[in-house]
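Here is a short tour of one protein model.

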Amino acid sequence: MGSTASNTDNKTDSTVVSNAVTHADPIASKGFAVDSPTSSFKLFEFERRAPKADDVFIRIHYCGICHTDIHQAKNEWHYSKYPMIPGHEITGVVEQIGSSVKKFRVGDNVGIGCLVDSCLSCNSCKIDLEQHCPDTCYSYNSTELDKVTPTYGGYSNFITVKEHFVCKIPKNLPLDVAAPLLCAGITTYSPLRQHNVGKNTRLGVIGLGGLGHMAVKFGVAMGAHVTVISTSESKRDDAIKLGAKSFVVSKDEEQLKSVKDSFNFILDTVSASHDVAGMISLLKFNGVYCIVGAAPKPLEIPSILFLTKRVIFTGSLIGGMKETQEMLDFCGKHGITCDIEKMVVSPETLQVAYERTLKSDVKYRFVLDMLNSFK
């Protein structure tokens, strides 16, 4: 029998799962869903599974809005399934644990990112790269391992997740500003770690949005010399405040010339179509260009760029569970959080948030207050 939270532990909400709930009872839940690429969000009722022996049941407090949510909701990658509840930057509090759960207790602050399950036995899973498992189960627009049961994301009030895919949030990180770390954080932390970014690295960060501002914070904390490359001069002051040593406007040819052949590593965080070939010229010989923003259209890059500078062109997909926990612990140690704008959820506010995200009109991540959205 698992442990459960009592109503005394959660006085702010009378719908808390209490000791009366058993593992055999599916849990009535609510979320905000879309029914098609063009539909508006609406309130959607569904059931979360009752916790199994290795499950953790969580009341969601906050969920960040990732650009991926917009791509998926609008079916821009052409594999969306509806109804869809987006959201994979989730923080909340444990309210129930299964009988075999060891790492978590009721009342713990926890996070769930893009992954909620995998086979845990393939070559990728064995080396802590669960995101590359052929049977990866994503937080939404996916299915559980049975290939039938749909997964629903964090624009909701509850979630049940296997213990392996739940992370501890350091006690010094508030849950609202920690939520985007579960995607924007690990997406930028992982490639910097993979390529040993540190004191001797000249790091270029393309884009200063949800991903880009996290990349700057991590790069600075790792000791790199960070330059932000942006289309907008208006972001210069913010870049410097975040710790960047310099700022380049990508539309200014003279400014681009001043940093040609200067970077060991460029992290491209932009999810819209842009001139990647022009940015590659900013790398030093043997430099690394890493893409983490998923633009909807194919890239066009002349092959001669790879031949003449022997650049390494690569990408990175979030991170495995071990590395995600490492990232969160790093954030706790260095006091790193996401800069956010918080809002209570309704179909109308979600529409506004999506529109403003597409216009880059947010500093630098919208975070949905799920705890206060269903009262």
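This is a predicted model. Begin with Ser360, placed in the loop between α11 and β18. Its phi is near 60 degrees, a positive value in a residue other than glycine. Most residues other than glycine have a negative phi, and most peptide bonds are trans. The loop between α11 (347-358) and β18 (365-369) also holds Tyr364. The peptide bond from Lys363 to Tyr364 is cis.

Lys147 has a positive phi and sits between β8 (137-138) and β9 (158-162).

The angles are listed here.

| Site | Angle |
|---|---|
| Ser360 | phi near 60 degrees |
| Lys147 | phi near 65 degrees |
| Gly223 | phi near 95 degrees |
| Lys363 to Tyr364 | omega near -15 degrees |

Gly223 follows helix α5. Helix α5 covers residues 210-221 and reaches 17 Å from its first C-alpha to its last, close to the expected 16 Å. Is α5 largely enclosed or largely open? 10 of its 12 residues are buried, so α5 is largely enclosed by the rest of the structure. Among the buried residues are Leu211, His213, Lys217 and Phe218.

Arg105 is exposed, with a relative accessible area of 64%. Arg105 belongs to the loop between β5 (90-97) and β6 (109-112).

Technical notes
Residues numbered from 1 in each chain as written. Predicted model: local features only at pLDDT ≥ 70, side-chain atom pairs only at ≥ 80, totals over all residues. Heavy atoms only, no water. Helix = DSSP H or I, 4+ residues; strand = E, 2+ residues; numbered from the N terminus. Buried < 20%, exposed > 50% of the residue type's maximum accessible area, 1.4 Å probe, protein only. Expected span 1.5 Å × (residues − 1).
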